[in-house]
Amino acid sequence: MEELQISEIEATFTTLVKQWREETFGISSTNQMSMHPAYQQIIGMGKPVIPLLLRELENKSGHWFWALKSISREDPVPQEYRGKVKEMTKAWLEWGKQRGYRW
Amino acid sequence: MVGNNAWVKFVREKIERDYPNLIVYGYKLTSPDTIDYNCVAWAAEDDETWWWPDIQHQFYWPLSVPREETIEAFQQAFETLGYEVCQGDVLEEGFQRIAIYANSNKVPTHIARQLPTGKWTSKLGSLEDIEHNNLQGLTGNPGYGEIACIMKKSISV
């Protein structure tokens, strides 16, 4: 039963990611990107999707920083790295490893 | 090289879906897609940073400039780089121009930078960089709305 739930979460997550990417490709506004309904639904899925978000981040599929911050209530990115997407990504992936997430 | 033929076809279809005026006025892909920088950064000649005044303060925005999605704030951001508001988009020797686009709510949506040839270069959000023949190619809805402001700065010749 647990495996089925995990599978359903992943399936829903994947569908939402695909929709979000398709509908925000050309947008520069991170406010607009993050307010997109699919992105908000991902945030609403809560902590179970953190490892999935970290995987997406590692795969460079999009900016998942807002979602990770919203769900975890943490932000491991130093101020001096704001906007430096490569450094931001490294900081979040290291954060995930330190907390024992696997993705 | 900007991807293989199949990928280029896929990307062009996506771009032309969202920016149909490019079909009319012309464009070409010039760089691979990346989420490392956006149109504002590219216009500022920065290909390592995502510039936006986001409300969570996760992305870069000049410290001295109000962190708000207004035409005025975007003007101020480029004033920090030596740009001044001007009229017209005609190529002018000794100057480089940028153009700020905004939607019908006067919210900035995009910035393009003029090339020495008189054409324009843009980073389309998370997509590729393109070179487009004029500013009209990215206007409209779908598109980035209308041109809200043009700025220029002196450059060495």
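# Reading a two-chain model

Visitor: What do the side chains of A:Glu22 and B:Arg17 meet in?

Guide: The side chains of A:Glu22 and B:Arg17 meet in a salt bridge, 2.3 Å from N to O. A salt bridge is a side-chain nitrogen of Lys or Arg within 4 Å of a carboxyl oxygen of Asp or Glu. Between chain B and chain A the count is 2 salt bridges. This is a predicted model, in which local features need pLDDT of at least 70 and side-chain atom pairs count only at pLDDT 80 or more, while totals for chains, interfaces and linings use all residues. Residues are numbered from 1 along each chain as its sequence is written, chains are lettered from A and ligands numbered from 1 in the order in which they are written, and side-chain values use heavy atoms, with hydrogens and water left out.

Visitor: How many residue pairs are in polar contact between chain B and chain A?

Guide: There are 17 such residue pairs, both residues at pLDDT 80 or more. A polar contact is a pair of N or O atoms within 3.5 Å; within protein, one must be able to donate a hydrogen and the other to accept it, and residues adjacent in sequence count only if both atoms are side-chain atoms.

Visitor: How much area do chain B and chain A bury between them?

Guide: The size of an interface is often given as the accessible area lost when the parts come together. Here chain B and chain A bury about 2,400 Å², 50% of it on carbon and sulfur atoms; buried area is the accessible area (1.4 Å probe) that two parts lose on being put together, summed over both. Of the area that chain B buries against chain A, B:Ile35, B:Gln56 and B:Gln58 supply 29%, more than any other three residues. The contact (heavy atoms within 4.5 Å) takes 28 residues from chain B and 23 residues from chain A.

Visitor: How many aromatic pairs are found over all chains?

Guide: A pair of aromatic rings is described by the distance of the centres and the angle of the planes. The whole structure has 16 aromatic pairs. Rings of Phe, Tyr and Trp (its six-membered ring) pair if their centres lie within 6.5 Å; planes under 30 degrees apart count as stacked, over 60 as edge-to-face and the rest as tilted. The rings of A:Tyr39 and A:Trp64 are stacked, because their centres are 5.3 Å apart and their planes at 0°. Both A:Tyr39 and A:Trp64 are buried, where buried means under 20% relative accessible area, exposed over 50%, and partly exposed in between (1.4 Å probe, protein chains only).

Visitor: Which residues is A:Ser34 in contact with, leaving aside its neighbours within four places in sequence?

Guide: A:Ser34 is in contact with A:Tyr39, A:Gln40 and A:Trp66. At 4% relative accessibility, A:Ser34 counts as buried. A:Ser34 and A:Trp64 are 30 residues apart in sequence and 8.6 Å apart in space, C-alpha to C-alpha.

Visitor: Is B:Asp54 buried or exposed?

Guide: B:Asp54 is buried, with a relative accessible area of 0%. The side chain of B:Asp54 makes a polar contact with that of B:Arg67 at 2.8 Å. Residues up to four places away in sequence aside, B:Asp54 touches A:Thr30, A:Asn31 and A:Trp66 in chain A, and B:Phe59 and B:Arg67 in chain B.

Visitor: Which residues does a cis peptide bond join?

Guide: Most residues other than glycine have a negative phi, and most peptide bonds are trans. A cis peptide bond joins B:Asn141 and B:Pro142, with omega about 10°. A:Lys60, not a glycine, has a positive phi of about 60°, and A:Lys60 is exposed, at 56% relative accessible area. B:Glu45, not a glycine, has a positive phi of about 65°; at 48% relative accessibility, B:Glu45 counts as partly exposed.
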